[in-house]
Amino acid sequence: QRNRYGRFVGELSPEQLSRYFHLDDRDRRLVNSHRGDHNRLGFAIQLCTARFLGTFLEDLSDVPDGVINCLARQLQIEQLSSFFYYRESETRWDHAMEVRRHCGFRDFGDLGAQFRLNRWLYALCWTGTDRPGVLFDRATTWLIAQKVLLPAVTTLERHVARLRSRIEERVWKILTAAASLETRSKLESLLLVADGGHQSLLDRLRKGPYRRSAPELVRALDRVEEIRHLGINIAVAHRIPTTRLQALARFANTAKVSVVRRLPESRRLATLVAFVGNLEAA
């Protein structure tokens, strides 16, 4: 993801070229206001590249040949070598500022843009369980669509990770807020291994019947009774999305007990609350 962030990755498809690298009448008037084929071609490349990538390239030699040829045909420029002179000139930085004004690009530090991005990401994180890499790609797409110039890759990484962590901590806090000290003690006891034993109570409870037979049916009923007699009374907040609860319950069902035991207290208790809440129904 870092390698392709704000960069061209190989040649573009005909659909991408027709969508992002087509010059309309307004673009042509602005491009043709510059003197010299090298300036007109270079300006057009920077204009369309900013729309497609959401940023300005530090090294214009990364522009694919297909992009150069596409824009040169539209501007009726035959000497493509003129672009090589342009990419070494300082004029391109002045052109970048002109492109920003023409397209209405904003910086990532713009407070209005950050507020809208945070609200959009918050909704994604609250209702879903996307991995950080998926959220990073979706945030990149949102920034490009909203004409916000991409920040440094580490800046966006930290921004997404910080917001995602904040939402996870809020979910854990809500799940554990209603648990009394007695309930917390019973939840922690699920992770303990009895003297001389090899399994914790959590290990035993999450192993359900897997064969269709009379003894397995009896074992399943005994398991339900054992779950009911645990006496763990929990109140799972209804405003927490079901996907969040299911993700925590799945983790408790598959992770090693030693891993669950090493989790921070708030996350460990929230995971056990989701597990117990889902256990009887399962």
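The model is predicted, so local features need pLDDT of at least 70 and side-chain atom pairs count only at pLDDT 80 or more, while totals for chains, interfaces and linings use all residues. Residues are numbered from 1 along each chain as its sequence is written, and side-chain values use heavy atoms, with hydrogens and water left out.

Student: What is the mean pLDDT of the protein chain?
Tutor: pLDDT is the predictor's confidence in each residue, from 0 to 100. In this chain, 99% of the residues reach 70 or more. The mean pLDDT is 89.

Student: Which helix has the highest confidence?
Tutor: Helices are DSSP runs of H or I, at least four residues, numbered from the N terminus. Confidence is lowest in helix H5 (residues 82-86), at a mean of 82. The highest mean is 95, and it belongs to helix H8 (residues 132-145).

Student: Is Gln 76 buried or exposed?
Tutor: Gln 76 sits in the loop between helix H4 (65-75) and H5. Its phi is near 55°, a positive value in a residue other than glycine. Buried means under 20% relative accessible area, exposed over 50%, and partly exposed in between, with a 1.4 Å probe and protein chains only. Gln 76 has a relative accessible area of 71%, so it is exposed.

Student: What is the relative accessibility of Lys 147?
Tutor: Lys 147 lies in the loop between H8 and helix H9 (153-177). Phi of Lys 147 is near 60°, again a positive value in a residue other than glycine. Lys 147 counts as partly exposed, because its relative accessibility is 41%.

Student: How many disulfides does a search of the whole structure find?
Tutor: A disulfide is a covalent bond between the sulfur atoms of two cysteines. The cut-off used here is a pair of cysteine sulfur atoms within 2.5 Å. A search of the whole structure gives a count of zero.

Student: Which cysteine sulfur is nearest to that of Cys 48?
Tutor: Cys 48 is buried, because its relative accessibility is 0%. Cys 48 is in no disulfide. The nearest cysteine sulfur is 7.8 Å away, in Cys 70.

Student: Are H7 and H9 parallel or oblique to each other?
Tutor: Axes are lines fitted to C-alpha atoms, for helices over the stretch in contact, and angles run from 0 to 180 degrees between N-to-C directions. The axes of helix H7 (residues 111-127) and H9 come within 10 Å and cross at roughly 50°. Angles under 35 degrees count as roughly parallel, over 145 as roughly antiparallel, 65 to 115 as roughly perpendicular and the rest as oblique. H7 and H9 are therefore oblique.

Student: How are H2 and H3 placed, and which residues of H2 make the contact?
Tutor: Helix H2 (residues 25-32) and helix H3 (residues 37-53) pack at an angle of about 140°, with their axes 9 Å apart. So H2 is oblique to H3. Contact means heavy atoms within 4.5 Å. On the H3 side it is made by Arg 40, Phe 43, Ala 44, Leu 47 and Arg 51, and on the H2 side by Asp 27, Leu 30, Val 31 and Asn 32.

Student: At what angle do H10 and H15 pack?
Tutor: Helix H10 (residues 181-189) and helix H15 (residues 265-279) have axes 10 Å apart and pack at an angle of about 85°. That makes H10 roughly perpendicular to H15. Residues in the contact include Leu 187 of H10 and Leu 272 of H15. The angle is about 85°.

Student: Which residues does Ala 96 touch, not counting residues up to four places away in sequence?
Tutor: Ala 96 lies in helix H6 (residues 91-103). Ala 96 is buried, with a relative accessible area of 6%. Its C-alpha is 8.8 Å from that of Ala 50, 46 residues apart along the chain. The residues that Ala 96 touches are Gln 46 and Phe 56.

How values were computed: Helices (H or I, at least four residues) and strands (E, at least two) are DSSP runs, numbered from the N terminus.
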